[in-house]
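The text should be read alongside the sequence and coordinates.

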2 protein chains.
Amino acid sequence: MKITTPTLLLDKQKALNNIQKMVEKARTSGVRLRPHFKTHQSAQVGEWFRDFDIDAITVSSVRMAQYFAGHGWNDILVAFPANILEMESINELASKINLHLVVVNIETVEALAQGVKYPVKIWVKIDAGYRRTGILPHAHNELDTILNAIQQSGKLQFEGFLVHDGHTYKQTEKEAIQTIHNTSVYLLHLLRDRYKNQFPELKLSLGDTPSCSVLDDLSGVDEIRPGNFVFYDITQQHIGSNTYQDIAVCMACPVVAKHPDRHEIILYGGSVHFSKDMLLQADGSPSFGAIVALTANGWSEPLEGIELVSLSQEHGIVRATPKQFEKYKIGDLMGVLPVHSCLTADLMKGYLTTDGEYLEHMSGVVQQHV
Amino acid sequence: MKITTPTLLLDKQKALNNIQKMVEKARTSGVRLRPHFKTHQSAQVGEWFRDFDIDAITVSSVRMAQYFAGHGWNDILVAFPANILEMESINELASKINLHLVVVNIETVEALAQGVKYPVKIWVKIDAGYRRTGILPHAHNELDTILNAIQQSGKLQFEGFLVHDGHTYKQTEKEAIQTIHNTSVYLLHLLRDRYKNQFPELKLSLGDTPSCSVLDDLSGVDEIRPGNFVFYDITQQHIGSNTYQDIAVCMACPVVAKHPDRHEIILYGGSVHFSKDMLLQADGSPSFGAIVALTANGWSEPLEGIELVSLSQEHGIVRATPKQFEKYKIGDLMGVLPVHSCLTADLMKGYLTTDGEYLEHMSGVVQQHV
C-alpha cells in the first residue's frame, strides 16, 4: 500500500505486547482489567483484547458504547458523567447490554431514576485529588443522599466507587505516582468501609495509564481502567510509563517543502492530523512529536537533531541540524511519534498496520448526527 | 431537532453577512475574491458563495479539492506546497478542472514537470515575512531557476506569485496589520516588475482573514484568499477582525456535572470537539472558548463571570462566579464561541443551522483512505 498523505501507522506486535503486559500485571495484582477503549476506538483493535479474555470495557461516550455494543461487547462502562439528555440512547443500550454509568450529582441520579427503563449499573465518581470532576471523599452527606437515591430507585444498581487520577499525567517520578495511587486506594477503602453494610457487594475502580504502567502492584481495588497503554505516546514516555520502543503508533507524513536557509522542513501533517497537544521540553520549547526514521517494517527510536517545532492547520514545521536536513528530500515520508495518541487517532480516523492492513477508527465510520 | 450531544450551531444569516461584506470589499478594491474553503469544508456552505458570483476557490489539500470538484467547483487552488506523492490524484483533478498548485522548491517543479499529464497552473509561494514556508523575495537565483523550469515544462503554466501573511494572526493593532500587508504588496510588486517581461500575464495573490477584515483597501493585487471570515471566532475577534456578533458558529454542549464547592461546571465537550487551540487572556490564563447564552434562534454576546478554562478529551471545565453558577442545571445546554472555528468545524464534522437544517462537513463524509 503506497502512502501518499498523512497516515497513522500501527505496529500490531507492539500493541499486543502492551496489552499482554497489562493483562499480566492485572492478573498478578488480582484485579480485573476493564480497558478504556477511547484511545483506539477501533472494532478490530478491540478484538485483540478478546484473545486475552477481556470481556468488559470502558468508553468515554454513549456513542462509543453504541459502537462497541454493535461489535459484540456487552459489558460497557461509560466513564464520563452521565449525560441525561441522551436518555433514549441510554435506554436503547441498557435494553441490550450490561450498561454502567457514572454519576457525580444527585440531579443526575434523579433524572436517571425517572428515565431509565432497564437495569443500569451506577458508579459514583470520587475526586481523590485530580479536581476535574467527582465527589470529594469526605462529602458524606452528599454521598449518603446519592447512594440512598440510587438504592430507592429500582432500576439503578449501585456498583461502587470510581476514581480517575488524571494528575498522574503531570508527574515524572515513580514515587509521586505511587503516592497519588496509594492516596486514592486509601480513600476508596475508607468509602468501602463506610458503605459496606449498606452495599456489601460494592466495588472499587481506578487506574490511569501512568499509575498502571509505572507501578508494579495494583492490588487493593477490584478493577483498573487504563486506556492509553495500548499505544502509548511521547507524553507517556516523558512520564515514565513506557520506553520509546513500546510506542505502537507513528505518523508517516510527506515532506512537501525544504528551507535550506534555516534548515526547516515542511511536512504535510498539521493540527488536523496530530491535534495541537504539545509536550514542553526541558528548555521550555514545545514539541509536537518526536521524529523517527521509517524502516521497512516499522520505525526507529527518536532521532537527534531534528524536531517538530510547530503545527498549523495542515503544515508541520521540522527544524533540523544541517546534517539531518540533508537526509530528507521532497517526496520522502517522515515518521513522527505523536504527543497524544488518543487525539491523533481520533483525528486520523483509521490505521495502517505495519503488516499493510487497514483498521477502522470510530471517527471514520460513525456519522455525527444531530 | 433536539440537541443531546455536543453540536456545532451555524447562524446562516451571520455567515451570509460575512460573505457579503467580503465580496463588497473585494469589489470596491478591484480584486477577485477566491475564498478559502478550508474553514467550512461544506458543500452546502460553498453554495452560499455561488449566489455572490464566486466561481474560483482555495482549498488546503488535494482531498479537499476532490471533494469540492465533486460538488461542481472547477477552478480550485490548492494553497499548500504541492505534495508530489499525490501525482495520481493531481492528474485526475487536472483532467477535469482548472487546477492550481503551489510550489516552493525546484525539486517539486521537476517532479510535477515529469508527472503531470494535463495543464496545471502553478503559483510560486513567496515568504513575505511569516517564515513558515515560501521563497524569500530576494532569492532571485532560486526564483529564476524555478520560473525557467516551469516555462520549459510544457504542461505547467506559471500563474503568478502567492503570499500568506500568517503573522497577522499575532497582531491586535490595525497599523501593524497594515504594515504587514503593505510590505507584502510592495514585495509582490517588485517581483512582478522583475518578471513581467518573461510573464506578462502573471498575477499576485494574498489575503489572510485579519488583513482582509481589518483593512479597508485591498487593491494592489489581483486576488485575495481569506477563509476564516465566513464564520470568524474569538481569535479573530481578539485580533480585531470582527465583533462578537459576527461570529457565525457556536458550540452547544450539555452540562453533565456541577461542583458547588468551587463553582465549576463540567461540559460534555472537550478537545475532540473544540480542538486544543487556546487564546491567552490579558492575565496570562488560557481561554478555550467564550461562554454565551443560547437563545430561541441563536446566542448572546459572551457572558461575564464565566469561562471555559480547561479541556480534556471529552470534558470541558467551566469556572463561574457564584451567580452565574446558579443559572445552570444539569441537562442544560451551554453555548461556547470557539477559539478557532476551522479546527472546531473539522472535529465536529457537520453543522446544525439555527433554522434546524443539517449541513455536512467533508470530515464527516469523506473517508480517510490509505
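Contact here means heavy atoms within 4.5 Å. The model is predicted, so that local features need pLDDT of at least 70 and side-chain atom pairs count only at pLDDT 80 or more, while totals for chains, interfaces and linings use all residues. Residues are numbered from 1 along each chain as its sequence is written, chains are lettered from A and ligands numbered from 1 in the order in which they are written, and side-chain values use heavy atoms, with hydrogens and water left out.

**A loop histidine and the nonpolar core**

Leaving aside neighbours within four places in sequence, His167(B) is in contact with Ala128(B), Gly129(B), Tyr130(B) and Ile180(B). His167(B) is found in the loop between strand 7 (156-163) and helix 7 (174-195) of chain B. Helices (H or I, at least four residues) and strands (E, at least two) are DSSP runs, numbered from the N terminus. With a relative accessible area of 18%, His167(B) is buried; the classes are buried under 20% relative accessible area, exposed over 50%, and partly exposed in between (1.4 Å probe, protein chains only).

A nonpolar core is a set of buried Ala, Val, Leu, Ile, Met, Phe, Trp, Tyr and Cys residues joined through side-chain atoms within 4.5 Å. The largest such core has 250 residues, of which Val124(A), Phe161(A), Val124(B) and Phe161(B) touch the most other members. Beyond four places in sequence, the contacts of Phe161(B) include Trp123(B), Val124(B), Ile126(B), Leu143(B) and Leu147(B). Leu188(B), Leu191(B) and Tyr195(B) are also among the residues in contact with Phe161(B).

**The interface between the chains**

At the interface, 65 residues of chain B are in contact with 65 residues of chain A. The two chains bury about 5700 Å² between them, 56% of it on carbon and sulfur atoms; buried area is the accessible area (1.4 Å probe) that two parts lose on being put together, summed over both. Across the interface of chain B and chain A, 20 residue pairs are in polar contact, both residues being at pLDDT 80 or more. A polar contact is a pair of N or O atoms within 3.5 Å; within protein, one must be able to donate a hydrogen and the other to accept it, and residues adjacent in sequence count only if both atoms are side-chain atoms.

Several elements of chain B each supply at least two residues of the side that touches chain A, among them strand 4 (75-81), helix 5 (106-115), strand 10 (249-259) and helix 12 (341-348). The residues on this side of chain B divide into 27 nonpolar, 21 polar and 17 charged. In this division Ala, Val, Leu, Ile, Met, Phe, Trp, Tyr, Cys and Pro count as nonpolar, Asp, Glu, Lys and Arg as charged, and the others, Gly among them, as polar.

**Salt bridges**

A salt bridge is a side-chain nitrogen of Lys or Arg within 4 Å of a carboxyl oxygen of Asp or Glu. The structure holds 34 salt bridges over all chains, and the count between chain B and chain A is four. Selected pairs are listed below.

| Pair | Closest N to O distance |
|---|---|
| Asp127(B) and Arg262(A) | 3.8 Å |
| Asp277(A) and Lys276(B) | 2.9 Å |
| Lys96(B) and Glu92(B) | 3.8 Å |

Arg50(A) and Glu47(A) are separated by about one helical turn because they are three residues apart in helix 2 (residues 43-50) of chain A. Arg50(A) is partly exposed at 27%, as is Glu47(A) at 34%. Lys96(B) is exposed, with a relative accessible area of 56%, and Glu92(B) is partly exposed at 44%.

A network of salt bridges links Asp127(A), Arg131(A), Asp261(B), Arg262(B), Glu264(B) and Arg319(B).

**Backbone and strand details**

Although not a glycine, Gln41(A) has a positive phi of about 45°. Gln41(A) lies in the loop between strand 2 (32-33) and helix 2 of chain A and is buried at 2% relative accessibility. In chain B, Gln41(B) likewise has a positive phi, near 45°, and is buried at 2% relative accessibility.

Cys253(A), in strand 10 (residues 249-259) of chain A, is buried with a relative accessible area of 0%. Beyond four places in sequence, the contacts of Cys253(A) include Leu267(A), Tyr268(A), Phe274(A) and Met334(A).
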